[in-house]
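Thank you all for coming; please have the sequence and the structure open before you while I talk.

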Amino acid sequence: MSRKIIRNGRIVTAIDDYVADILIEDGQIVAIGRNLSVGSDTESIDASGLVVLPGGVDCHTHMDNTFGDSTTCDSFESGTRSAAFGGTTTIVDFAFQRHGVGVLEAIERAQAKGSEGACIDYGFHVIVTSVDQQTLADMQHAIRHEGVSSFKMFMAYPGSVMVDDAAIFQAMRMVGQHGGMIALHAENGTIIELLIKEALEQGHTAPKYHALTRPAIMEGEATHRGIKLAELAQAPVYFVHLSAKEALKHVVEARDMGIPVFAETCPHYLFFDESVYDSEDFDLARYVMSPPLRSKEAQDALWTALRTDDLQLVSTDHCPFCMKEGHLGRVNQKPYGRNDFSKIPNGIPGVETRLTTIHDGG
């Protein structure tokens with residue numbers, strides 16, 4: 001039997017805060033108390049002056065996920081190893097319903113990837129990119145039998161993963177009836193595509209134009225629309241990576257009305273702001289994510305919303321790409337968009353640093 005005891009740690013749970021010892025046998029906590037007595041066969045770890053808390057759950061990550069022509073640079077093994085070092089012991093990643101692939105097949109493929117070296121616990125949401133009767137039936141089956149009760153849908157990226165309002169409404173109505181939830185990427189995709197097209201036609205190719213073509217008001221519009229669809233479907237809705245004050249306003253109003261609306265934000269929106277885009281330098285590609293970074297005023301509003309429970313979670317949207325093409329054998333990374341900002345793969349890392357940055361900064 002493997003036995004360890006963690007001595008004199010400050011133990012913080014959802015309801016308690018005290019100093020004590022934790023006895024662990026075969027990876028499971030068997031006793032918590034002061035001055036626990038153990039034999040010489042027990043490994044002792046001194047946690048004096050340290051905080052001992054339950055492992056974190058990051059419910060929005062993208063390990064070994066392909067978007068367009070680019071694949072994130074973390075495998076399940078490397079990404080979950082980073083998560084463990086940062087104190088996160090569970091992630092919720094994504095099964096991707098690609099063209100010609102059903103929901104259940106997408107879950108099976110994702111489970112196979114996760115089984116290849118994951119260091120911590122994991123679950124999956126399903127990214128739903130098309131809705132028909134078979135898809136709805138598979139989603140119902142996933143809730144009842146596969147342990148998958150949340151489904152992400154995009155209001156952005158037309159021609160790729162974006163679905164229309166009718167598809168979102170259908171999915172919300174069915175999923176809500178069976179105890180599941182739709183998670184929305186809320187940006188007005190068609191307007192953004194028009195702004196991108198106009199910017200490129202004017203010769204604007206630098207990474208800063210990624211932010212300038214994804215205005216906060218379009219996140220606000222899509223968030224409001226998503227809430228109204230959920231209200232009509234009489235179903236809960238969850239907004240991923242909320243960044244804009246214009247979007248937060250609609251979430252707060254809906255929650256005040258008793259509508260079951262939930263939302264997360266991400267560490268990068270809490271610690272960086274749009275001032276980083278004040279350059280034509282391609283190095284700014286490291287800050288290309290969707291939605292982009294917002295104003296300092298928006299950042300302050302997000303911190304306030306976390307205090308007041310208008311935002312419920314801080315997840316990372318961990319979606320890392322290399323700044324050096326070919327690094328780790330990965331291709332079509334950030335430099336893929338050197339001459340066209342719209343081709344820069346959207347995403348940044350965060351799974352290893354989330355708990356520490358939020359603890360220190362918050």
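**A histidine and some salt bridges**

I begin with a polar contact of 3.1 Å between the side chains of His241 and His185, where a polar contact is a pair of N or O atoms within 3.5 Å, and within protein one must be able to donate a hydrogen and the other to accept it, while residues adjacent in sequence count only if both atoms are side-chain atoms. This is a predicted model, in which local features need pLDDT of at least 70 and side-chain atom pairs count only at pLDDT 80 or more, whereas totals for chains, interfaces and linings use all residues. Residues are numbered from 1 along each chain as its sequence is written, and side-chain values use heavy atoms, with hydrogens and water left out.

His241 is buried, with a relative accessible area of 2%; buried means under 20%, exposed over 50%, and partly exposed in between, for a 1.4 Å probe and protein chains only.

Turning to salt bridges (a side-chain nitrogen of Lys or Arg within 4 Å of a carboxyl oxygen of Asp or Glu), a search of the whole structure finds 18. One of them joins Arg225 and Asp165, whose closest N and O atoms are 2.8 Å apart. Arg225 is in helix α7 (residues 216-233) and Asp165 in helix α4 (residues 165-177), so this pair links parts of the chain 60 residues apart, helices here being DSSP runs of H or I with at least four residues, and strands runs of E with at least two, numbered from the N terminus. Arg225 is partly exposed at 21% relative accessibility, and Asp165 is also partly exposed, at 28%.
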